[in-house]
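Colleague: I am new to this model and would like to go through it with you. Could you put it on the screen, please?

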Amino acid sequence: MPLPVDTSEAHALALDAHDPLAGFRARFHLPPGTIYMLGNSLGLVSLDAEASILHALDDWKRLGVDGWSDADPPWFRLAETIGQSACALVGALPGEVVATGTTTVNVHSLLATFYRPGGRRTRILADELNFPSDLYAIQGHLRMRGLDPAEHLVLARSTDGRTLDEARIIDLMTDEIALVHLPSVLYRSGQLLDVERLAAAAAGHGIPLSLDCCHSAGTVPHRLHDWNVDCAMWCGYKYLNAGPGSTAFLFVHQKHWAQKPLLSGWFGFVKARQFEMLPEFDHERSAGGWQISSPGILGAAALEGALRITLEAGVDRIREKSIALTEYLIGLVDALVPGAREGASVRIGSPRDPARRGGHVSLECGPSARRVFDSLRAHGIAVDFRPPDVIRVAPAALYNTFHEVWVVAMALAQAVASAS
Ligand SMILES: *Cc1c(COP(=O)(O)O)cnc(C)c1O
């Protein structure tokens, strides 16, 4: 049993006083009058990201089309430049990451290359708890090949509706599976999957693994290269704070660079010869080869500043604080909400083991969930509601405080008492 948490406000303030990342909060624009715990949905804008957007805008004003070559950094290589700085976040080698497209587009682009049905291997293994857009993309790819998703999409089932069991997923890696596509962190419960184990099992069965890191990038360290993940994608707007619909990322393991990108476009062409405008597609041997179109410079520009902050804080320190914040939240809910520890009132829907949890905590609030949510909103607490009864709370290490977590837990206890 963990020690009961100190529920005093003084303790919350003391935790903030000893927080080595506390200074980063001042580099964000915080919505006025709000405790913002939605960094898993849309991260906040930093002064750094704002400055990098304005800088790109200024380059456009001054340079016009010459910005492709003369902007700082040149737009022509911006996707690769930003991808390069993101490597440290996900444990990738230089060239394995590029900033491009959006998450679902990148799922499509990577499936086009990595889903190669043949012989008995025609099925895609995914899970029933993944974000629906990923499943829609997979269904489209199966249909494009004339395959019925009802038969060829194999979904790993959850026994509790919240979490997945890696062993059960591995059991489904048969010789009929052509590709495995999984999230690193489940968007509802926040469960962090054991990617290293899943990747090793997939490799052992000769099945490529495609990994959606939307809910882990920027808050959990990864070792995509060493784990032998074949390809991956993640958005820039959750824990990476690059703005609504910002440019996303795509990872292709070095061992696959010779493969042909099949959703091909001219920005994936061999960089040094792109402007020879040849009719035959020849791709750059790096993740950059999987780009399709000209990068959206203004959207990608936000990533520059946003990534700078994340790298300065360091993803290991971010993870450490993130765990401290979510542990504190769970401890306070257990202590302050009668019945929570037994799951009788509010139930912690995320794994209680921090090593199995991403950056947010899912609170299952039963039949009065909607009223609890409305009451939190009325107190200026921004969290999200996932029907029928889940409230997700994401304290972001870069801009949330322990004191804010304390306020949220107090408000939750009060809301639960008055809603039931
Ligand atoms: C956030 C998220 C998406 C969002 O997809 P977009 O294409 O950016 O709209 C997709 N998949 C997962 C797992 C996500 O968490």
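**A buried threonine and the aromatic pairs**

Modeller: Thr 113 has its place in helix 5 (residues 103-114); helices (H or I, at least four residues) and strands (E, at least two) are DSSP runs, numbered from the N terminus. The model is predicted, so local features need pLDDT of at least 70 and side-chain atom pairs count only at pLDDT 80 or more, while totals for chains, interfaces and linings use all residues. Residues are numbered from 1 along each chain as its sequence is written, and side-chain values use heavy atoms, with hydrogens and water left out.

Colleague: Is Thr 113 buried or exposed?

Modeller: Thr 113 counts as buried, because its relative accessibility is 1%. Buried means under 20% relative accessible area, exposed over 50%, and partly exposed in between (1.4 Å probe, protein chains only).

Colleague: And which residues does Thr 113 touch?

Modeller: Leaving aside residues up to four places away in sequence, Thr 113 touches Gln 259, Lys 260, Pro 261, Leu 262 and Trp 290. Contact means heavy atoms within 4.5 Å.

Colleague: Now the rings. How many aromatic pairs does the structure hold?

Modeller: There are 13 aromatic pairs. Rings of Phe, Tyr and Trp (its six-membered ring) pair if their centres lie within 6.5 Å; planes under 30 degrees apart count as stacked, over 60 as edge-to-face and the rest as tilted. The ring centres of Phe 76 and Phe 267 are 6.0 Å apart and the planes are at 65 degrees, so this pair is edge-to-face.

Colleague: Where do Phe 76 and Phe 267 lie?

Modeller: Phe 76 lies in the loop between helix 3 (67-70) and helix 4 (78-90), and Phe 267 in the loop between strand 8 (249-252) and helix 10 (297-313), so the pair ties together parts that are 191 residues apart in sequence. Both Phe 76 and Phe 267 are buried.

Colleague: What about Trp 234 and Phe 249?

Modeller: Their ring centres are 5.4 Å apart and their planes at 15 degrees, so the pair is stacked. Trp 234 belongs to strand 7 (residues 231-234) and Phe 249 to strand 8, 15 residues apart. Trp 234 and Phe 249 are buried as well.

Colleague: Which residues do ring pairs link into a cluster?

Modeller: The cluster consists of Trp 68, Trp 75, Phe 76, Trp 266, Phe 267 and Phe 275. Trp 266 is partly exposed, with a relative accessible area of 37%, and its place is in the loop between strand 8 and helix 10.
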